[in-house]
Amino acid sequence: MLKLGLGPGFMILVPIFVAITIVNKSLSLISILMICMGICGLFGSLLYFILPKKRPVEVVLVEGEGSENNSAKDSSSVIKKHRIDCYLESTAANIKKNNSSVIGECSGISRESGGVLNMALGDSNPAEIDEDLHSRQLAVYGRETMRRLFASNVLVSGMQGLGVEIAKNLVLAGVKSVMLHDEGVVELWDLSSNFIFSENDVGKNKALASVQKLQELNNAVVISTLTTELTKEHLSKFQVPCHSHKLSMKRKANAEVTIEHCHDILVEPVVILYYMHGCGARGAEMDFRNAAVVLTDVTLEKAIEFNDYCHDHKPPISFIKAEVRGLFGSVFCDFGPEFTVFDVDGEEPHAGIIASISNDNPALVSCVDDERLEFQDGDLVVFSEVKGMTELNDGKPRKIKNARAYSFTLEEDTSNFGIHEKGGIATQVKEPKLLNFKTLREAIKDPGDFLLSDFSKFDRPPLLHLAFQALDKFVSEMCRFPVAGSEEDAQKLVSIASLINENSGDGRVEDINPKLLQHFAFGARAVLNPMAAMFGGIVGQEVVKACSGKFHPLFQFFYFDSLESLPTANLDPNEFLPLNSRYDAQISVFGSKLQKKLEDANLFVVGSGALGCEFLKNLALMGVSCGEQGKLTITDDDVIEKSNLSRQFLFRDWNIGQAKSTVAASAAALINPRLKIEALQNRVNPETENVFDDTFWENLTVVVNALDNVNARLYVDQRCLYFQKPLLESGTLGAKCNTQMVIPHLTENYGASRDPPEKQAPMCTVHSFPHNINHCLTWALSEFEGLVEKTPAEVNAYLSNPVEYTNAMMKAGDAQSRETLESVLECLEKEKCETFQDCIMWARLKFEDDFANRVMQLIYSFPEDASTSTGAPFWSAPKRFPHPLQFSTTDPSHLRFVMAASVLRAETFGIPVPDWVRNPKMLAEAVDKVVVPDFQPREGVRIETDEKSTNLSNASVDDSAIIHELIRKLERCRENLPAGFRMKSIQFEKDDDTNYHMDLIAGLANMRARNYSIPEVDKLKAKFIAGRIIPAIATSTALATGLVCLELYKVLDGGHKLEGYRNTFANLALPLFSMAEPVPPKVIKHQGMSWTVWDRWTLENNPTLRELLQWFTDKGLNAYSISFGSCLLYNCMFPQHRERMDRKVVDLAREVADVEFPAYRRHFDVVAACDDDEGNDVDIPTVSIYFR
């Protein structure tokens, strides 16, 4: 019965209806069966809709090869199959005996001989994307790439630090399934690099010990394990397509499992509770391209064997081999003989607005000087909206050359085309790129061009290519890694490398650099956390590329080293000996002295978002601030939101609403219980200098920024500059990231160079002449804020204190005050809403006013044939001639606008929103009741056309009189309001899709875009632009933090010079890595003295003004002006200032600036303007005067 899909309900209901039949004798047996089947079917359907349907749910079973303890059992017990046809019975012990498991929702899982898992390849329905969770990632990848990821299956072999970092990034990205493979058990050594393991996991299988914590990152990912030797047969099963029903399993407290949709699924016996709810066939074959294999800890021989299989498979399986050995790392990628990249760089296609096109061969295309063109020679473009020369509007891609800032040449003869009249847009066409990968067997002999990361090491990749081969041979011969500090092992590795090099033919390396190979040998066994984090980001991104075709793959070898991170002093071999601690792997590379410095460091991490979470994980694993003298302080005033969970991996869904810093600190302490961490919820700014006071800054060792805005970075930079503390800076933007080391007296500070300010569209363009969707969204956001935030706030300000408010308006007496009063009066009088129907009427009239009346007025003032004062056409590019909209209840976008606007209007007035507003038919009926008055254009309406204008308010000679009249009307209006009446001011919140904020903004923007024939955008794209969402993914964050922590070794060692540090810019999309030493600070010299921005002059003993001026004179400087903040303490041009000579400078500061210094403040700073004896100005450092 269960196989028929009837279930236990059928067995329960039949006897009941039989009894009824016996009593009433009114139902036949056929009737009974029909009724029971119908009820069971209904019950099953209800369960189908009631139970969770998101891609995955939680847990389960499967794939159980024996471990070391039971591998010797008879193989027949391993390959025995059990068909789940009905209620299965077994014991919970069977679950524990299996050494492999699947966590998450499983589709079509079956076991073949040897217990091989056929991964979840069923259910080809497009996965629903949780836009709240993945909004920042969607901004990078787009929906199509995300859907491909959601259908991707990845095998990661090797669960040391690197493998876990890769798996973490893939689980956060939301791939469909991840299989974890490792035969080994957890050792104390592994705790240096693996954030998943704890000391309680020592002795457990690495893959099994990783499952639970990885699953917590994303319940929508199926996580399975393989704990026996990886074979090609596993890969074949890994790629087998299947038709199956969905198997969804949920972890229970008693280890019981729930199965949904289970027909003909072969598994090992487990304790199962069977839920039956409609077993319709819903499976389909999988796209083979959505699979990848990543090997992180296998021999070269095995890797070649597996790669040959993957490369020759039809279709190919994407293959990645990655290794981290101490401060050295490598990646090799092979995505098959022919791999298509659909989007090489992930950037939006560039476009240009056309001003003119010549009738020539070749044709010259000139564009408006609104923005510089980003085209390059050889690009393909398509034309649209061209007037006159319409032959170009055929959608055919055309190649360009001679690309300039505002023009390009078209490789086409336009002599016989129509004459260009006006307008047109040229848009870049992004072509797919076909890549032909070589196998590892071929590439190891002929690697081709290596991807460089540091041009000062241009000769390093061939040497590392040789070193990794030599290490593989060493391990194969010795069955172990070289011992840290062993000269004998290092020499053997050098000998092996020499032998391989001699047989390399044309690929022979001229200098094998024995010293470098010695360092390579010493750290070969260690997986360092910063290296694992860095390469985990790189490899994770390569997997995304393999599964989606988004971004250009690494082609094909990448080698990296951070040898500069080693201590500058020579170390005794005993320094590398293990101490039986969790840091032994790190000690084997850096020695025990540097480890002690790490543990005793006093760090300040500013921010606990995506960067902050990664930093805390890295620092905890490195042992930073874990010693008796150490302390780590982290601060962040933000709380956790759902959108954080796809990148900020220390947070879980049950942490939403909690303080980021507190949750992150607790999670970091679980990674390393020895971490001494304090979590604060304060911003770091001038207002919190009582919290982060002088003593706090003076006691710091290093500051690590994990911020997301420039102003906060600049403030922290100034604090570090002032207190001369190292600042490790980093940031990400989508697939890009950068790091900057700010080291006292060695490098320039963060604020020494800044990006140019973002170009803002002129006010008149945004309000009357938009020509792209950004302009429309800028206007829409401004309208939103005015309608539901600023105007209600102004109303409340007036009602709270009418006298004070109106006096302030009368005192200002300008056009802006007049317009504010007009909006307040309009809101309380003409547009006041008392019922929801009033709100609908307001929304409908708002539509008419914004998208019909205003446009008709604009067209009336500037007809399509209007000319400028110079005789040129007024409506020339980039201006677009608008058209008014005709409202229609049959247009869903019109109704959505009215719904969002009316709901938010009701919220501001405190009016309940009826449920029927979401019913299009009922809403349309309510809208049809609104009477829309006819519009008549007015004469003399002034519309701003000056692009330099920054104020659209129309000033009037009688503003003051109008303001007085408006205030009188407001007073009369206030008398008619209910006692205590207030409006609700609504602040924009982009990440809540239920609040209608983005619905209204997207509606405003798209209706305006429709006015001007501008392509519209969906709500998600509108959210990205209007909400200024910063694109973010876990991989670039991991890369940035790994690079910063490699620099942290250098900072805490303390002996590195400028050339030892590295700033980095990386773009994982290309991929591109650009590392260079930092820029030194500017040096100022004067009379044998020299100083930089890092220097601060201090004057002790609470000096007088005379003593301060004499102190400058002794340095050969004439101080002609001294100020404190914005207050002038002394200027030689003011005779009365000479009377201050014998007063204490601190007393002058208190009196002139009217300040009182808090008890914790021991000094204050003054700025002195000085010149030399020749009258030349001299820039001097800040002067600190200590008065306590």
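Biologist: At what angle do helix H25 and helix H27 pack?

Modeller: This is a predicted model. In it, helix H25 (residues 836-861) packs with helix H27 (residues 920-928) at an angle of about 75 degrees, and their axes are 9 Å apart. An angle from 65 to 115 degrees counts as roughly perpendicular, so H25 is roughly perpendicular to H27.

Biologist: Which residues in H25 and H27 meet?

Modeller: From H25 there are Gln837, Ile840 and Arg844, and they meet Leu923, Ala926 and Val927 in H27. Sorted by class, this contact has 4 nonpolar residues, 1 polar residue and 1 charged residue.

Biologist: How do helix H23 and helix H24 cross?

Modeller: The axes of H23 (residues 802-812) and H24 (residues 815-828) cross at roughly 145 degrees and come within 9 Å. H23 contributes Tyr805, Met809 and Ala812 to the contact, while H24 contributes Ser817, Thr820, Leu821 and Val824. By class, the contact of H23 with H24 has 5 nonpolar and 2 polar residues, and no charged residues.

Biologist: Let us turn to the sheets. In what order do the 8 strands of the open sheet stand?

Modeller: The order is S25-S24-S23-S26-S27-S28-S29-S30, with mixed pairing.

Biologist: Which strands stand at the edges, and why is one side of each left without a neighbour?

Modeller: They are strand S25 (677-680) and strand S30 (1072-1076). Each has a single partner strand, so one side of each has no neighbour in the sheet. On average, neighbouring strands of this sheet are turned by 10 degrees against each other, direction ignored.

Biologist: How many bridges join S23 to S24?

Modeller: There are 5 bridges between strand S23 (residues 602-606) and strand S24 (residues 631-635), and the two strands run parallel. As one example, Phe604 has Thr633 in S24 as its bridge partner.

Biologist: Which helix packs on that sheet?

Modeller: Helix H17 (residues 610-622) does, touching S23, S24, S25, strand S26 (702-705) and strand S27 (727-733). The direction of H17 makes about 130 degrees with that of S27.

Biologist: And the barrel: how many strands close into it?

Modeller: The barrel has 6 strands, in the order S15-S16-S19-S18-S17-S20, and their pairing is antiparallel. Neighbouring strands there are turned by 45 degrees against each other on average, direction ignored. Within the barrel order, S18 stands beside S19. Strand S18 (residues 398-401) and strand S19 (residues 407-410) pair in the antiparallel sense over 2 bridges, and the bridge partner of Ile400 in S19 is Leu410.

Biologist: Now a single residue. Is Thr908 buried or exposed?

Modeller: Thr908, which lies in helix H26 (residues 892-909), has a relative accessibility of 1% and therefore counts as buried. The cut-off for buried is under 20%.

Biologist: What is Thr908 in contact with, leaving aside its neighbours within four places in sequence?

Modeller: The contacts of Thr908 are then Val788, Pro792, Met983, Lys984 and Ile986. Val788 is 120 residues from Thr908 in sequence, yet their C-alpha atoms are 6.6 Å apart in space.

Biologist: To finish, how many helices and strands are in the chain?

Modeller: The chain has 33 helices and 38 strands. Of its 1188 residues, 56% are buried. Among contacts between residues at least 6 apart in sequence, 74% join residues at least 24 apart. The chain exposes about 51600 Å², of which carbon and sulfur atoms supply 51%.

Definitions and conventions:
Residues numbered from 1 in each chain as written. Predicted model: local features only at pLDDT ≥ 70, side-chain atom pairs only at ≥ 80, totals over all residues. Heavy atoms only, no water. Helix = DSSP H or I, 4+ residues; strand = E, 2+ residues; numbered from the N terminus. Buried < 20%, exposed > 50% of the residue type's maximum accessible area, 1.4 Å probe, protein only. Contact = heavy atoms within 4.5 Å. Areas by Shrake-Rupley, 256 points an atom, 1.4 Å probe, with all protein chains shown as cover. Axes fitted to C-alpha atoms, helices over the stretch in contact; angles between N-to-C directions. Parallel < 35°, antiparallel > 145°, perpendicular 65-115°, else oblique. Nonpolar A, V, L, I, M, F, W, Y, C, P; charged D, E, K, R; others polar. Pairing = 2+ DSSP bridges.
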